[in-house]
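I opened the notebook to look up a few things in this structure.

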Amino acid sequence: MTTDTPTAAQPIVHMQQVNKHFGSLHVLKDIELSVEPGEVVVIIGASGSGKSTLIRCINGLEEFQSGHIEVDGNPLTPYGKSSKALQTIRTEVGMVFQQFNLFPHLSVRDNVTLAPIKVRGVSRQQASSTAQRLLERVGISDQADKYPSQLSGGQQQRVALARALAMEPRLMLFDEPTSALDPEMIGEVLDAMRELAREGMTMMIVTHEMGFAREVADRVIYIHSGQIVEQGPPAAVFDNPQHARTQSFLSRVLKH
C-alpha cells in the first residue's frame, strides 16, 4: 500500500535572472523572486529603484530582455513576443495603478462590467450582479449609477479595484495605489486592500505606506537600483534590517 505525498503548491509568480533595460539604463538586475498562492508581498524602495517596473513585467506591460518569468504556470518570453500565455496572464492578473484609468463616459457599474462582458464573454446580467457584489465589497455600492467625475479620488480608486476583481484574478498587482490620493482618502483604499488580504488574495503591492506594509505583508522586499537587497517578514525587515542600504532607506522614511 502506498500513500500519496502532498505536492508543494506551484508559485503564482516565478522570476529567474530577470533583466530589464530602458536603453542604456539597467533597471532590473538579475531578479530572483517567487510568490506563493495566498501570499501578500509588499515591495518598498526609493523612487526610481525599479519597483513599478518589476510588477509591470509580470503582466507584460513592460518587456524584459533576459531571464524567465512564469505566472501561474504561463511563461513570458523576453522582448514581449506575442504569445497565448501573455493573453492568459492578462486575464488572470488584475492590476490597480496610481491613476484610476476609469472610462469617464461610463457609469461606475459599466466600468466594472465592461471587461468581463468583452473579454470573458460573461452575460450582462451576470456581470451586473457580480459588479454589485464587488462594489459592496469595496464599500461603494451606493455609487453604482454615478460617473467617475462625480466621485472622490478614494471612491474612484475603489471602483478601479472592483473593476480588477471582476475578472476573478488569481493575482492582484498594486502600483502605489494611494500615491495620487489626498491624505484623508488613503485610508479607505487601504481598508479595501486589507480586506482582500484577510480573504487570502495573492497580492504584490508597491507602496510607500510603511505602516500598511508592516500590517498586511507576509514578506517585505526592499529594492535598490534594480536589485533585491533584502527581504523577509515585516518585523525582521523593519525592526532589524541587515543591509546598510535598507537601514539607510528606513531611517529616512520612518522618520516622517
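This is a predicted model: local features need pLDDT of at least 70, side-chain atom pairs count only at pLDDT 80 or more; totals for chains, interfaces and linings use all residues.

**Entry 1: the largest pocket.** I noted a volume of about 550 Å³ for the largest pocket.

Which elements supply the lining of the largest pocket? I found at least two residues each from helix 2 (84-92), strand 6 (93-96), helix 3 (108-118) and helix 5. Helix 3 gives the largest share, 4 residues. I also sorted the lining by type: 10 nonpolar, 5 polar and 3 charged.

**Entry 2: helix 5.** Next I checked helix 5, residues 153-165. At 1.5 Å a residue, its 13 residues should span 18 Å. Its end C-alpha atoms are 19 Å apart, which agrees. Is helix 5 enclosed or open? I found 13 of its 13 residues buried, so the rest of the structure largely encloses helix 5.

**Entry 3: Gly 139.** I found Gly 139 in the loop between helix 4 (124-137) and helix 5. Its relative accessible area is 49%, so I wrote down "partly exposed", as exposed needs over 50%.

**Entry 4: Asn 59.** Last, I looked up Asn 59, in the loop between helix 1 (51-58) and strand 4 (66-71). Its relative accessible area is 6%, under the 20% cut-off, so Asn 59 is buried. Leaving out residues up to four places away in sequence, I listed its contacts: Leu 86, Ile 89, Arg 90, Val 93, Met 95 and Leu 173.

How values were computed:
Residues are numbered from 1 along each chain as its sequence is written. Side-chain values use heavy atoms; hydrogens and water are left out. Buried means under 20% relative accessible area, exposed over 50%, partly exposed in between (1.4 Å probe, protein chains only). Contact means heavy atoms within 4.5 Å. The expected span of a helix is 1.5 Å times one less than its number of residues. On a 1 Å grid over the protein atoms alone, a cavity is a set of points where a 1.4 Å probe fits but cannot get out, and a pocket is an open set with protein on both sides within 12 Å along at least five of seven lines; lining residues have an atom within 4 Å of a point. Grid points are joined across faces, edges and corners, and a volume is the space filled by probe spheres set on the points. Ala, Val, Leu, Ile, Met, Phe, Trp, Tyr, Cys and Pro count as nonpolar, Asp, Glu, Lys and Arg as charged, and the others, Gly among them, as polar.
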